[in-house]
Amino acid sequence: LHLLIGSDRLLQLQIEMSVRFNFDDSVEAALSSQVTREIQAGFNYSAIASYFGRPDVNLPGLTKWAQDSIKSELTHAQNLTDYLLQRGGRTSIGDVSKPGKTEFASGLEAAEFAVDIQKQAYGAIEEALKLAREKNDHQTADFLNGMLKHTMEDVVDAANIAAGFRRCGAGAGEQHFDKQILEKQKGCVIM
């Protein structure tokens with residue numbers, strides 16, 4: 001065997017086999033796909049941050065929130081990658097396309113776009129969780145339950161921002177609500 005595949009590859013296979021058990025290839029593929037989705041979500045939030053950070057648009061609260069969301073999505077991708085490696089798997093990052101939107105009519109439209117991003121992520125994590133349960137992979141199921149909880153918090157956060165923009169309306173109302181978002185992002189209490 002050593003002569004057929006080379007000593008470096010043989011060592012890599014031995015290490016993978018020593019930590020990999022009860023980790024089905026289909027579960028590994030689902031988690032790897034989720035890494036790509038998280039990176040894609042980060043790109044979508046980058047579009048929001050870039051648009052609302054422009055001087056002619058200037059909604060610094062929404063910009064800061066989107067920037068924080070970029071970091072969160074990339075952290076999710078890294079956590080998934082770390083988990084895959086811990087289980088003896090590999091990450092195969094798929095194609096990441098340009099953001100779904102790069103221009104927004106309002107803060108409300110951007111927040112609704114973010115809600116859609118998070119709902120899609122939630123649905124994909126639910127599917128991976130279902131697969132892990134079908135394969136009796138309790139460790140991955142526990143890991144994904146944690147991701148579901150966090151993703152639901154992200155859905156609610158984006159939905160709350162959308163609701164705030166909807167209540168305040170365009171113009172001065174949008175600017176006022178954006179200021180509240182910025183204060184919240186800075187950790188200040190809004191009275």
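In which helix is the place of Thr 151? In this predicted model, Thr 151 belongs to helix H6. The residue has a relative accessible area of 1% and is therefore buried, since the cut-off for that class is under 20%. Beyond its neighbours within four places in sequence, Thr 151 is in contact with Gln 118, Ala 121, Tyr 122 and Ile 125.

The overall organisation of the protein chain provides the setting for this residue. The secondary structure consists of seven helices and zero strands, and the pattern along the sequence reads α-α-α-α-α-α-α. The chain has 191 residues, of which 42% count as buried. Its accessible surface comes to about 10500 Å², and carbon and sulfur atoms account for 56% of that area. Among contacts in the chain with a separation of 6 or more, 76% are made by residues 24 or more positions apart.

Two pairs of helices were examined in terms of their packing. Two packed helices are described by the angle between their axes and the distance between the axes. Helix H5, residues 107-134, packs against helix H6, residues 138-168, at an angle of about 165°, and the two axes are 8 Å apart. Angles over 145 degrees count as roughly antiparallel, so H5 and H6 are assigned to that class. The crossing of this pair is left-handed. By class, the contact of H5 with H6 has 21 nonpolar, five polar and six charged residues.

The second pair consists of helix H3, residues 25-52, and helix H4, residues 60-86, whose axes come within 8 Å and cross at roughly 165°. This crossing angle makes H3 roughly antiparallel to H4. H3 passes H4 in a left-handed crossing. The contact of H3 with H4 has 17 nonpolar, nine polar and three charged residues.

Asn 44 is located in helix H3 and counts as buried because its relative accessibility is 8%. When neighbours within four places in sequence are set aside, the contacts of Asn 44 are Pro 99, Gly 100, Phe 113 and Ile 117.

Phe 113 is also in contact with Phe 104, a residue of the loop between H4 and H5. Although Phe 104 lies in a loop, its relative accessibility is 4%, so Phe 104 counts as buried. Apart from neighbours within four places in sequence, Phe 104 is in contact with Ala 47, Ile 48, Tyr 51, Phe 52, Glu 109, Ala 110 and Phe 113. A separation of 9.8 Å was computed between the C-alpha atoms of Phe 104 and Val 57, which are 47 residues apart along the chain.

Asn 22 lies in the loop between helix H2, residues 7-19, and H3, and Asn 58 lies in the loop between H3 and H4. The phi angle of Asn 22 is positive, at about 50°, although the residue is not a glycine. Asn 58, likewise a residue other than glycine, has a positive phi near 50°. With a relative accessible area of 42%, Asn 22 is partly exposed. Asn 58 has a relative accessible area of 42% and is therefore partly exposed.

Notes
Residues numbered from 1 in each chain as written. Predicted model: local features only at pLDDT ≥ 70, side-chain atom pairs only at ≥ 80, totals over all residues. Heavy atoms only, no water. Axes fitted to C-alpha atoms, helices over the stretch in contact; angles between N-to-C directions. Helix = DSSP H or I, 4+ residues; strand = E, 2+ residues; numbered from the N terminus. Parallel < 35°, antiparallel > 145°, perpendicular 65-115°, else oblique. Left-handed = near helix turned anticlockwise from the far one by under 90°. Nonpolar A, V, L, I, M, F, W, Y, C, P; charged D, E, K, R; others polar. Buried < 20%, exposed > 50% of the residue type's maximum accessible area, 1.4 Å probe, protein only. Contact = heavy atoms within 4.5 Å. Areas by Shrake-Rupley, 256 points an atom, 1.4 Å probe, with all protein chains shown as cover.
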